[in-house]
Amino acid sequence: MFQLSFPVRDAHADTGGEPLGNLPEWNLDDLYTGEDAPELKRDLDWLEQACASFAADYEGKLDTLDAAALLDCVLRNEKINQVAGRIMSYAGLRYYQLTTDAGRAKFMSDAQEKITNYTTPLVFFTLELNRLDDSHMEGLLSENADLARYKPVFDRIRAMKKYQLSDELEKFMHDLGVVGDAWERLFDETIAGLEFEVNGDALNIEGTLNLLTDPDRTTREAASRELAAVFGKNIKTFARVHNTQAKEKEIIDRWRGMETAQTGRHLSNHVEPEVVEALRNAVVNAYPKLSHRYYELKRKWLGLDKMQVWDRNAPLPMEDTRVVDWAQAETMVMDAYNAFDPRMGEIAEPFFSKGWIDAAVKPGKAPGAFAHPTVTDVHPYVMLNYLGKPRDVMTLAHELGHGVHQVLAAGQGEMLSSTPLTLAETASVFGEMLTFRTMLDNAKTTSERKVLLAGKVEDMINTVVRQIAFYDFECKLHAARAQGELTPENINDIWMSVQGESLGPAFEFMDGYETFWAYIPHFVHSPFYVYAYAFGDGLVNALYAVYAEGDAGFEDKYFDMLKAGGSKHHKDLLAPFGLDASDPKFWDKGLSMISGFIDELEAMEE
């Protein structure tokens, strides 16, 4: 998940006079030792040959294969995915370390083009798989248990059966993918290259966004107005990227016969549209008892008649402003993980000791935070922009949760380890919750407890309310783009239509806030991704409630859930815990945890 961060400074610079300690950097040698590594050339050469021989051996013949031969075909395809994934993981991780470096950008682009060219002949695989009769497919699976293990993969592939185009068109779409990637890179490079000046300091976007959490209100306002000014100057570029990406998606969806702009995302998430709609409706209906109620409390704490956008993430007047150095952050998260189950701590430890985390804020580094799974025969890498705030500790706990999940799921192999987005946030949000509960239990005063509760509520509102508002924005944006070109003003209006509804009457909005859609990366990189955050948060809140109630054997069931990766549907994964995401009451259960925290905060005011 992306998180707002701080001004560009040296990794060992101090924050407020306090050092952050020795912040770790990635060691990517487990992937490749450099652009000129002989292993990299070996793998590219192997990939070119493997793709060509795969196509020669199987194209036009999938319907003639028996179960054993189809299994061999699947295993060869899986190996190709693994090698291609390793190459692109290396190229991508190096690029995100320094997005402004032309050499790294070229290396990633060249690698992507080569892999696209090599793998284009493989497009037939899913097309022919989808042309097999259901009865024929079922017969093959019943003959071979090793092949049957891949049924969840086949099910996901065959869910696209009705949306499949001709072989020639599918190859054309595959080749055209690099053009869409170029628009994403334009967005990334534009964002990374933006320059802001606040109170005489030259900052990048990370630094400027971080000032929105500054204790000084005039600094927050100055940062907000500078963000609006710079976004305004670049708004035509951002509008062009969104118009082009949305139009490309609309054309592809129309040719495929997708019912809605969201259909493709729901299919890839292996989740039913009605489940997402139930989540969306539950959250929107809960706005008054969640965000509206909390921000009214915060307005009073800040002593304001009305909150402005620069007050949304303002620190509370009673907040502890101490800096948490890296060693403390590691201890806090590892203690929480080990307290839940030592097995979790054991999996997490190498991230800190073996160069699997890149933590420092550096010039040109990509904003935010993520955990990248790479491939199943290596290990994940975590990226942070760590600045020593309590929320940065939560981000570490969150991304480390992703890492633990990815390590555990790797046993499923390349095709089954990848978790749908709706379930991909499970371990990350759960790890965050474990860390939060540990900190809450250790709170020594009512004031400290209040600050922790308020911080958690804000994070949950950002994860649930804000992401569903983002989802509504995307739904409206794509629907409007289907009717014609959108001006920047059109997109601004759509943005503002969801902001007031989600934030509530405690707020008024400055001129320029209407452009703040421009920097959200998910809209460009992964349309409709955002509801997965709300899905994950609601799911984990319900899951944590089961854990808190002392469910027998919870830890073992939880590890089994993570080990399953993408091999099971959400219904099957949640069943051992007595939960069902298709039940509308399920979402209310998750949202009631947030509401309960707000109840406690309100009680503290009496």
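Val179 is found in helix α8, residues 167–193. Helices here are DSSP runs of H or I of at least four residues, strands are E runs of at least two, and both are numbered from the N terminus. This is a predicted model: local features need pLDDT of at least 70, side-chain atom pairs count only at pLDDT 80 or more, and totals for chains, interfaces and linings use all residues. Residues are numbered from 1 along each chain as its sequence is written, and side-chain values use heavy atoms, with hydrogens and water left out.

**Surface patch**

- Val179 is partly exposed, at a relative accessible area of 42%. Buried means under 20% relative accessible area, exposed means over 50%, and partly exposed lies in between (1.4 Å probe, protein chains only).

**Helix packing**

- Axes are lines fitted to C-alpha atoms, for helices over the stretch in contact; angles run from 0 to 180 degrees between N-to-C directions.
- Angles under 35 degrees count as roughly parallel, over 145 as roughly antiparallel, 65 to 115 as roughly perpendicular, and the rest as oblique.
- A crossing is left-handed if the near helix is turned anticlockwise from the far one by less than a right angle, and right-handed if clockwise.
- Helix α14 (residues 291–302) meets helix α28 (residues 584–605) with axes that come within 10 Å and cross at roughly 30°. The two are therefore roughly parallel. Their crossing is left-handed.
- Helix α28 also packs with α13, the axes coming within 9 Å and crossing at roughly 40°. That makes α13 oblique to α28. Here the crossing is right-handed.
- Helix α20 (residues 426–441) packs with α25 at an angle of about 55°, their axes 9 Å apart. This pair is oblique. α20 passes α25 in a right-handed crossing.

**Salt bridges**

- The whole structure holds 39 salt bridges. Each is a side-chain nitrogen of Lys or Arg within 4 Å of a carboxyl oxygen of Asp or Glu.
- Side chains of opposite charge can pair when their charged atoms come close.
- Glu25 pairs with Lys362, with 4.0 Å between the closest N and O atoms. Glu25 lies in the loop between β2 (18–19) and α1 (38–58), and Lys362 in the loop between β5 (357–358) and β6 (370–372), so the bridge ties together parts 337 residues apart in sequence.
- Glu25 is partly exposed at 45% relative accessible area, whereas Lys362 is buried at 16%.
- Lys298 bridges to Glu458, the closest N and O atoms being 2.5 Å apart. The pair links distant parts of the chain, 160 residues apart: Lys298 sits in helix α14 and Glu458 in helix α21 (residues 446–463). Both residues are buried.
- Arg481 and Glu485 meet in a salt bridge at 3.4 Å, N to O. Arg481 is buried, with 9% relative accessible area. Glu485 is partly exposed at 44%.
- Salt bridges that share partners also join Glu25, Asp358, Lys362 and Lys365 into one network.

**Loops and backbone**

- Most residues other than glycine have a negative phi.
- His270 has a positive phi, near 55°. His270 lies in the loop between α12 (263–268) and α13 (273–286). The residue is partly exposed, with a relative accessible area of 25%.
- Phe528 also has a positive phi, near 65°. Phe528 is in the loop between α24 (522–525) and α25 (531–548). The residue is buried, at 0% relative accessible area.
- Gly565 occupies the loop between α26 (554–563) and α27 (570–574). Gly565 is buried, at 2% relative accessible area.
- Gly565 and Leu423 are 142 residues apart in sequence, yet 8.8 Å apart in space, C-alpha to C-alpha.
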